Amino acid sequence: FLILDEPTSGLDPNQIVEIRKLIREISKEKTIILSTHILAEVEAACSRVLIMHNGKIAADGRISDLESGSSSETEYDVAVAEGESEALEKKIRGLPEVRSVRSTGKGRFTVRADSQSDLGPAVFDAASELRTRLSELHRRKVTLETIFQKLTSES
């Protein structure tokens with residue numbers, strides 16, 4: 001096996017691409033342990049992740065498994081024309097699966113819902129009923145960064 005500590009640190013973008021290719025090629029025949037704080041490198045080069053916190057394993061698994069099982073809620077970013085968000089926010093707050101709605105700026109807000117909820121159609125229907133035109137409706141993807149922060153934050 002091969003242990004690499006921050007193998008792309010200080011490299012230019014072209015060199016980083018080449019190192020990632022080399023890691024993937026070698027990993028077909030050998031086990032590679034990649035130690036890094038750069039989570040984009042983990043996502044680009046690794047098939048399995050171990051997150052360490054205070055000397056203990058906080059997570060262990062395939063990236064896709066960690067992403068799908070890491071959160072008890074789903075977040076959506078919603079944007080409408082400025083001045084049209086208040087009524088839509090109120091209507092969305094009334095949906096049973098919604099945990100919270102938080103304004104994030106002019107005509108923009110974030111909706112948090114139960115993890116299994118697909119709120120997209122319900123938000124779209126609410127906007128249609130109010131004749132409010134959505135300019136954005138985006139389900140946030142859980143990333144290794146958010147998983148890492150959740151597992152290692154000292155709260």
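Where in the chain is the place of Asn54? Asn54 sits in the loop between strand 3 (48–53) and strand 4 (56–62); helices (H or I, at least four residues) and strands (E, at least two) are DSSP runs, numbered from the N terminus.

This is a predicted model, in which local features need pLDDT of at least 70 and side-chain atom pairs count only at pLDDT 80 or more, while totals for chains, interfaces and linings use all residues. Residues are numbered from 1 along each chain as its sequence is written, and side-chain values use heavy atoms, with hydrogens and water left out.

**Overall form**

The chain holds six helices and eight strands, in the order β-α-β-α-β-β-α-β-α-β-β-α-β-α from the N terminus. Its radius of gyration is 20 Å, well over the 15 Å that the globule rule gives for 155 residues, so the chain is more spread out than a compact globule. That radius is taken over C-alpha atoms, and the rule is 2.2 Å times the number of residues to the power 0.38. The C-alpha trace spans about 60 × 35 × 25 Å along its principal axes. Of the 155 residues, 30% are buried (buried means under 20% relative accessible area, exposed over 50%, partly exposed in between; 1.4 Å probe, protein chains only).

**Cores**

A nonpolar core is a set of buried Ala, Val, Leu, Ile, Met, Phe, Trp, Tyr and Cys residues joined through side-chain atoms within 4.5 Å. The largest one has 15 residues, of which Leu88, Ile92, Val98, Phe109, Val111 and Leu119 touch the most other members. At least two residues of this core come from each of strand 5 (73–80), helix 4 (85–93), strand 6 (98–105), strand 7 (108–114) and helix 5 (120–129). Leaving aside neighbours within four places in sequence, Ile92 is in contact (heavy atoms within 4.5 Å) with Val98, Val101, Phe109, Val111 and Val123. Another core, of eight residues, lies apart from the largest one and includes Val42, Ile51, Leu144 and Ile147.

**Positive phi**

Asn54 has a positive phi although it is not a glycine. Arg131, also a residue other than glycine, has a positive phi too; Arg131 lies in the loop between helix 5 and strand 8 (134–139). Their values are tabulated below.

| Residue | Phi | Relative accessible area |
|---|---|---|
| Asn54 | about 55° | 64%, exposed |
| Arg131 | near 55° | 78%, exposed |

**Strand 2**

Ile33 is placed in strand 2 (residues 32–35). At 42% relative accessibility, Ile33 counts as partly exposed.
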